[in-house]
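Hello,

Here is the structure we talked about, with my notes below it. Please have a look at the model first, then read on.

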Amino acid sequence: MIKKVLTQLKGLVTYDADREFYAKVFPDTLDPVALMRFRKMRKTDLPRVLDIEGQGYNYPWKVGIFHDCLKAAHYDCWVCENTEDEIMAFCIVSTAVGEATVLNLCIDPVMRKQGLGRKFMEHIIESARAKKAESVFLEVRPSNTGAVALYTSMGFNEIGIRPGYYKAENGTREDALMMAYTLI
Ligand SMILES: CC(C)(COP(=O)(O)OP(=O)(O)OC[C@H]1O[C@@H](n2cnc3c(N)ncnc32)[C@H](O)[C@@H]1OP(=O)(O)O)[C@@H](O)C(=O)NCCC(=O)NCCS
């Protein structure tokens, strides 16, 4: 109980440099998600990114898609690292004519359900705002109830359905739920 209160107090009063200090000296007392940092993805990150991708989806993207995303001028490929500089999540966003589209968001299974997906989406929304985008769009499988709950809780609204958009089991197809977040 006392440890929990101390942790919360520390979270309120510490700055970034202090957080790095506490992470080293008292590794158990700070929220690991609060210590995560975003940076742009590099080619050399791809083995780890593919590892996370492979654990995230039944039909993962192949390496060529990631290479294309890294080359595309209007794509932003982000990774999120812990204090050990290990990549724990990534996200790919395309931005054009005032619209940002989240193409892929994937969190390492060991880091899920701790608020990292929400933190990453907040980062994406703020990056889109900085680029003067008016909306953030994404598509999601309706069966991916965790992801739908995350986006809905952040203020994304359902704007339509793409019938049979995704591959599914036994050669069947699953619809895509289209969602949008308004920035203006
Ligand atoms: C979907 C995904 C990005 C969520 O990331 P996460 O870090 O686990 O999510 P968070 O911990 O930030 O959760 C934020 C909110 O999302 C919802 N949520 C996330 N995972 C959930 C789950 N498995 N079941 C129900 N709700 C869930 C909850 O509303 C949660 O809020 P709460 O903590 O107040 O309950 C992650 O599970 C993932 O990478 N999945 C594999 C790849 C994928 O499906 N990507 C999305 C493609 S559109």
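**Around the ligand**

The shell around the ligand is made up of eight nonpolar, eight polar and three charged residues. In this grouping, Ala, Val, Leu, Ile, Met, Phe, Trp, Tyr, Cys and Pro are nonpolar, Asp, Glu, Lys and Arg are charged, and the others, Gly among them, are polar. Before I go on, please note that this is a predicted model: local features need pLDDT of at least 70, side-chain atom pairs count only at pLDDT 80 or more, and totals for chains, interfaces and linings use all residues. Residues are numbered from 1 along each chain as its sequence is written.

The ligand is surrounded by 19 residues, and the closest are Arg112, Gly117, Arg118, Gly146 and Leu150. Which elements each supply at least two residues of the shell? They are strand E4 (99-107), helix H5 (116-130) and helix H6 (145-153). H6 gives the most, with six residues. The element names follow DSSP runs, numbered from the N terminus: helices are H or I with at least four residues, strands are E with at least two.

**The fold**

The chain has six helices and seven strands. Read from the N terminus, their order is α-α-β-α-α-β-β-β-α-β-α-β-β. Taking contacts between residues at least 6 apart in sequence, 51% join residues at least 24 apart; a contact here has C-beta atoms, placed from the backbone, within 7 Å.

Seven strands form an open sheet with mixed pairing, in the order E1-E2-E3-E4-E5-E7-E6. Strand E1 (37-40) and strand E6 (157-167) are at the edges with a single partner strand each, so one side of each has no neighbour in the sheet. On average, neighbouring strands of this sheet are turned by 25 degrees against each other, direction ignored. Strands count as paired if DSSP finds at least two bridges between them.

Helix H3 (residues 46-56) lies across strand E2 (75-81), strand E3 (87-96) and E4, and runs at about 90 degrees to E3. Axes are lines fitted to C-alpha atoms, for helices over the stretch in contact, and angles run from 0 to 180 degrees between N-to-C directions.

**Strand pairs and their loops**

E2 and E3 are antiparallel, with seven bridges; tyrosine 75 has serine 94 in E3 as its bridge partner. Their hairpin has five residues between the strands, and there aspartate 85 takes a positive phi near 65 degrees. Is aspartate 85 buried or exposed? Aspartate 85 is exposed, with 8 other C-beta atoms within 10 Å.

E3 and E4 also pair in the antiparallel sense, over eight bridges, and alanine 96 is partnered by glutamate 99 in E4. With two residues between the strands, this hairpin has valine 97 at a positive phi near 35 degrees.

At the other end of the strand order, E6 and strand E7 (residues 173-182) run antiparallel and are joined by seven bridges. Asparagine 157 is opposite alanine 180 in E7. In the loop between E6 and E7 sits asparagine 170, whose phi is positive at about 50 degrees although it is not a glycine. Asparagine 170 counts as exposed, with 4 C-beta neighbours inside 10 Å. For context, most residues other than glycine have a negative phi.

Best wishes

Terms used: Near = placed C-beta within 6 Å. Contact = placed C-beta atoms within 7 Å. Buried ≥ 20, exposed ≤ 12 C-beta atoms within 10 Å, placed from the backbone.
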